[in-house]
Amino acid sequence: MRRQGLLLAMVALVVLALAAPVQAAPTHPSPIPPRTTVPLGAAVYLRCADAGAPASAPACPIQPFNPAYLSAWQQHFDQLTPENELKMLFTQPARGRFDFTAADRAVRLAASRGRKVRGHALIYPAANPNWVNKPFLLPWSRSSLLSTMGTHISTVMKRYRSSFPGTIEQWDVVNEPFLGNGGRDPNVYQRVIGNDWIEQAFRAANAADPSALLFLNEFDADEHGSPRQMAVAALARDFVARGVPIDGIGLEMHVGADGRYPTRASILATMKEYADLGLRVEVTELDALPPATDDGGLAQRRVYQSVTGACRRSPNCTGVTVWGVADPYSWRSAAKRATLLDASFTAKPAYADVRCRLANPWPTTEAPATDPCATDPTVIPGAPQPVGPVDGPSTGSQP
Ligand code: XIL
């Protein structure tokens with residue numbers, strides 16, 4: 001009798017287990033949901049108000065801190081990237097000593113308003129604290145640096161997953177690992193761990209938070225066919241083919257430094273290359289230097305139009321972030337006026353263009369005959385008229 005009961009219980013357990021919904025393990029690349037609009041984010045740096053930041057932290061571009069800065073972010077942007085506070089320089093200033101004071105302020109600012117945060121950046125060799133670049137006493141071995149890198153990634157990701165659930169859905173796991181010639185940047189991870197350091201960082205990130213979206217972020221990697229773009233694409237292709245967890249590529253897009261802007265066709269081609277791999281793409285750090293001769297902001301406005309138009313037309317482009325809330329806070333200096341808001345936090349004409357482009361459900365393959373974002377986006381008082389449609393196919397060096 002007792003044995004029969006036991007048997008029945010076991011059968012019931014097996015039936016229950018089979019009937020329970022199977023929790024599918026998150027896959028990478030994670031499927032890209034269809035978008036209705038694309039969010040517009042901005043980089044925010046609270047150091048200006050934060051006496052507790054380490055002395056080695058990058059300086060605030062403007063003093064004293066202006067509270068209008070935060071309201072401007074809240075009014076004009078949908079999401080936030082902490083400009084520096086999540087970098088290792090802040091989060092692990094001394095070996096084994098984690099400090100989330102500054103990062104928490106930035107993440108809380110967004111979370112308390114129901115906004116998302118881009119987690120930037122877990123491993124960014126250019127923002128290494130000194131103790132990583134010049135270890136005290138013993139030099140790094142492959143295994144000691146691998147374990148330090150892994151612990152850093154997992155401590156930071158797990159902390160934000162548990163303290164601010166749902167706020168940081170995506171992370172720049174590795175930032176700027178390539179050189180302009182397509183080679184690897186010879187940073188400490190590359191030298192000590194070797195070529196697989198990027199893969200190891202992504203595997204550690206996936207182990208720490210399997211549901212997070214994992215990005216590799218790179219600058220000057222938007223021009224299709226350029227050595228650095230090809231290097232990023234080759235790595236992405238290899239990761240996807242071998243099942244190394246990756247979900248997206250971040251295109252920084254600090255544009256205009258060499259007097260040139262990327263063409264729309266080139267950005268579209270780059271975005272498509274990642275779409276074909278099932279990867280997302282985000283414009284993560286957009287800002288545009290004006291040309292040498294003052295054109296009343298026209299070229300800058302056109303490049304903002306062109307980048308956001310390309311994103312809107314690429315089904316895998318899931319976000320655009322401007323690197324700085326307003327000109328005086330831009331890392332490219334106030335004088336360059338590289339962002340979307342001016343010194344008094346007033347939105348420039350480019351801002352309305354960008355908003356319209358990111359919200360407009362345009363066809364993804366064809367340029368519309370007429371620009372649905374135009375009140376007349378080509379007219380800026382006092383500026384020369386641009387040639388050709390603002391969101392038509394790009395030509396030559398026109399943005
Ligand atoms: C910059 C910040 O804007 C500055 O405040 C800081 O002094 C240096 O770093 N690529 C990146 C960003 O991924 O983290 C950099 O941010 C700009 C270039």
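Which ring does the charged end of Arg118 sit over? The charged end of Arg118 sits over the ring of Phe215, 5.1 Å from its centre. The model is predicted, so local features need pLDDT of at least 70, side-chain atom pairs count only at pLDDT 80 or more, and totals for chains, interfaces and linings use all residues. Residues are numbered from 1 along each chain as its sequence is written, and side-chain values use heavy atoms, with hydrogens and water left out.

**Aromatic pairs**

- The structure holds 10 aromatic pairs (rings of Phe, Tyr and Trp, the last by its six-membered ring, with centres within 6.5 Å; planes under 30 degrees apart count as stacked, over 60 as edge-to-face and the rest as tilted).
- One of them joins Tyr69 and Tyr329, which are stacked at 4.0 Å centre to centre with 25° between the planes.
- This pair links distant parts of the chain, 260 residues apart: Tyr69 is in helix 2 (residues 68-76), and Tyr329 is in the loop between strand 9 (317-322) and helix 12 (349-359).
- Helices (H or I, at least four residues) and strands (E, at least two) are DSSP runs, numbered from the N terminus.
- Tyr69 and Tyr329 are both buried (under 20% relative accessible area; exposed is over 50%, partly exposed in between, with a 1.4 Å probe and protein chains only).

**A cluster of rings**

- Phe98, Phe100, Tyr160 and Phe164 are linked into a cluster by ring pairs.
- Phe98 and Phe100 are stacked, at 6.1 Å centre to centre and 20° between the planes.
- Phe98 is partly exposed, at 25% relative accessible area, whereas Phe100 is buried, at 12%.

**Charges over rings**

- Arg115 lies over the face of Trp73, 5.0 Å from the ring centre.
- A charge sits over a ring if NZ of Lys or CZ of Arg is within 6 Å of the ring centre and within 35 degrees of the ring normal.
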